Amino acid sequence: MRADPAAPTEDGVDEAVGAELTRLRESIDNIDAAVVHMLAERFKCTQQVGVLKARHQLPPADPGREARQIARLRELAESAKLDPAFAEKLLTFIIAEVIRHHETIADGAR
């Protein structure tokens, strides 16, 4: 162990800063893993919705629902101190992927 914990390491970062970066990055890695698992669960549900829609010949997209979800997510983002525009972009991206999956499922059901 170094005598001076504030002394810079070989890469020029002092040990205390390096330890804090490591701690924060490990938290980020854990959060990223949770996000991936939550998205996987979400897509499992939306796949089931796609099968149900295809079975009953419903359209892959539901613009009314999508608009309500975007508005809801923007409100959640604001209350969580997250940029609502970012949250909307993220959900719009996810919705586009869901619709693509629903179209694929519908094409397979024909």
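Predicted model: local features only at pLDDT ≥ 70, side-chain atom pairs only at ≥ 80, totals over all residues.
Local features need pLDDT of at least 70 and side-chain atom pairs count only at pLDDT 80 or more, while totals for chains, interfaces and linings use all residues. Residues are numbered from 1 along each chain as its sequence is written, and side-chain values use heavy atoms, with hydrogens and water left out.

**View 1. Centre of the largest pocket, with Leu39, Leu73, Leu90, Leu91 and Ile94 nearest to it.** A pocket is an open set of points on a 1 Å grid over the protein atoms alone, where a 1.4 Å probe fits, with protein on both sides within 12 Å along at least five of seven lines.

**View 2. Lining of the largest pocket, 15 residues.** Lining residues have an atom within 4 Å of a point. Two or more residues each come from helix H1 (15–55), helix H2 (63–79) and helix H3 (84–109); helices are DSSP runs of H or I, at least four residues, numbered from the N terminus. H2 provides the largest share, five residues. Twelve lining residues are nonpolar (Ala, Val, Leu, Ile, Met, Phe, Trp, Tyr, Cys, Pro), two are charged (Asp, Glu, Lys, Arg) and one is polar (the others, Gly among them).

View 3. Of its 15 lining residues, Arg42, Thr46, Arg65, Val98 and His102 lie nearest the centre.

**View 4. Lining of the second largest pocket by helix and residue class.** H1, H2 and H3 each supply at least two residues, and H3 gives the most, with five. The lining divides into seven nonpolar, five charged and three polar residues.
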